[in-house]
Amino acid sequence: MKKAMVFGAGVSGLGAKKLLEHMGYEVILIDDKVGLKSIEGIELLKEVEIFIKSPGVPYNDLVLEAKKNKIKVIDEIELCYQYMIKYGTTTKIIGVTGTNGKTTVTTKITELLQYSGYKASYAGNIGVSLAELLLKGEELDYIVLELSSFQLENLEKFKPYISLVTNLTPDHLARYKDVEEYYDTKFNICKNQTKDEYFIFNLDSEELLKREKLIPAIKIEVSQNKKGDCYIEGGKMYWRGEEVLEIEKLSLKGKHNLENMLFIVTVGKICGVDNQKIREFLYTTKTLEHRMEEFFDYGKLKFINDSKGTNIESTTFAVEAFKGCVLICGGYDKKLDWTPLVELIKNRVDQVYLIGDIADKLESELLKIQYEKDRIHLLRDVKTCLEDIKKRYTQSDEKIVLFSPATSSYDQFKSFEHRGQVFKELVREIFGR
């Protein structure tokens with residue numbers, strides 16, 4: 001029997017294992033936390049034909065040895081794409097990557113297509129394995145894939161029908177040698193596309209403009225500030241000169257959501273969705289869980305769950321939206337420059353609570369710019385922060401408590417979804433008494 005090795009027993013790895021077994025492989029599953037150790041896996045490589053590396057696992061000795069032995073190292077996304085080609089799947093892939101906005105764009109594109117009568121599902125970095133979705137055997141018109149940079153590192157043939165990079169700002173510098181490598185990795189999403197496919201090109205992103213030559217597909221231009229294929233002018237959004245919708249009627253507010261809407265509308269138009277359907281959907285659609293989600297009131301004290309704030313820019317959007325808030329932030333140290341957010345905290349945040357591995361570093365940065373020490377609360381975990389807030393504020397205090405970590409929290413949580421759920425449960429437990 002053919003043998004394969006899967007490194008990483010998360011959502012992606014377990015999905016890949018099931019698909020490989022469906023394809024007739026015997027699978028060796030490696031996971032240093034819950035299974036066979038990677039050091040043990042090295043001894044088993046000589047039996048392996050294909051090696052699937054999960055996005056979150058490191059390029060350790062096992063991966064390097066597999067490459068040295070000329071074993072094909074790919075990820076679950078590439079495995080699934082090759083499976084789709086082999087079995088003649090006609091489903092079209094819409095690939096979404098970028099630093100911010102991926103989850104909103106992925107989810108809302110899927111919902112718009114469903115609302116318009118298409119059979120569509122999402123998968124990828126959104127917590128749903130593409131392999132698991134394919135194994136369901138559903139006949140779909142579209143699969144919308146949210147793709148992290150990690151998922152774009154080991155591609156061979158993968159190419160979406162429509163691809164897009166929402167925006168590019170520094171992130172994951174603990175993984176990449178510099179920000180340029182991170183940005184270039186994002187552009188792997190379109191590297192195999194041809195003039196038969198589409199790339200939605202954000203004219204407002206300087207880093208995207210620098211990489212225009214990397215796009216082999218048909219470019220569809222979007223912008224909040226310039227005239228492209230899809231653009232904003234005079235409080236309205238246009239598609240190639242035709243009015244599509246009025247900005248003030250959009251149910252999702254904020255500048256960042258306006259950028260997201262450009263992508264969603266453009267995908268809809270490429271897929272043939274009429275303007276009436278687009279308007280009906282975007283005027284009524286609801287905000288996502290964990291993204292600036294107002295979920296609990298304690299009298300006049302309001303709690304916002306922005307656990308999806310996993311990098312500096314996404315938390316910047318949230319802090320800008322809630323001046324004078326009480327901010328809870330911190331987590332894993334991604335080796336980023338925190339200066340822009342620290343300056344914003346000084347100008348817009350009333351009290352700041354610091355959690356996670358990066359808490360001491362953030363306190364030091366804040367003190368360096370003369371943010372008052374008595375407004376900084378170095379309490380390290382969410383529960384302790386909330387208990388302290390309960391002592392400081394009453395139901396008559398008109399204040400926003402914003403949970404927007406600005407980084408990952410693998411030091412304390414499994415994912416941003418897990419982090420957000422824990423935060424909401426603790427708020428209800430502590431303030432619902």
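Predicted model: local features only at pLDDT ≥ 70, side-chain atom pairs only at ≥ 80, totals over all residues.
**Entry 1: the nine-stranded sheet**

I traced the strand order of an open sheet and got β6-β7-β5-β8-β9-β10-β11-β12-β13, nine strands with mixed pairing. Next I looked at the edges. β6 (120-124) and β13 (242-246) sit there with a single partner strand each, so one side of each has no neighbour in the sheet. From one strand to the next, the twist averages 25°.

β5 (residues 92-97) and β8 (residues 162-165) run parallel, joined over four bridges. I looked up Val96 and found Leu164 in β8 as its bridge partner.

Which helix lies across β5 and β8? I found α9 (residues 255-270), which also lies across β9, β10 (218-223), β11 (230-233), β12 (236-239) and β13. Its angle to β9 is about 155°.

**Entry 2: the cores**

I went through the largest nonpolar core, which has 45 residues. Leu20, Leu79, Leu130, Leu145 and Phe199 touch the most other members. At least two residues each come from β1 (3-7), α1 (11-22), β3 (50-53), α4 (76-86), α6 (130-135), β7 (142-146), α7 (179-186) and β9 (198-202). The largest share is six residues, from α4.

I took a closer look at Leu79. Setting aside neighbours within four places in sequence, Leu79 contacts Ala16, Leu19, Leu20, Met23, Ile50, Ile52 and Ile74. Apart from this core I noted another one of 37 residues, including Met237, Leu258, Ile264 and Val273.

I moved on to β17 (residues 349-355). Is this strand mostly covered or mostly open? It is mostly covered, with six of its seven residues buried.

I checked its pairings one at a time. With β16 (residues 325-330), β17 pairs in the parallel sense over six bridges, and I see Gly330 opposite Ile355. With β18 (residues 376-380), the pairing is parallel too, over four bridges, and here Tyr353 faces His377.

Last, I followed the chain through the helices. β16, α12 (residues 339-348) and β17 form a right-handed β-α-β unit. β17 then goes on through α13 (residues 359-368) to β18, in a β-α-β unit that I also logged as right-handed.

Note on methods: Residues numbered from 1 in each chain as written. Heavy atoms only, no water. Core = buried A, V, L, I, M, F, W, Y, C linked by side-chain atoms within 4.5 Å. Buried < 20%, exposed > 50% of the residue type's maximum accessible area, 1.4 Å probe, protein only. Contact = heavy atoms within 4.5 Å. Pairing = 2+ DSSP bridges. Right-handed = clockwise from strand over helix to strand, strands pointing away. Axes fitted to C-alpha atoms, helices over the stretch in contact; angles between N-to-C directions.
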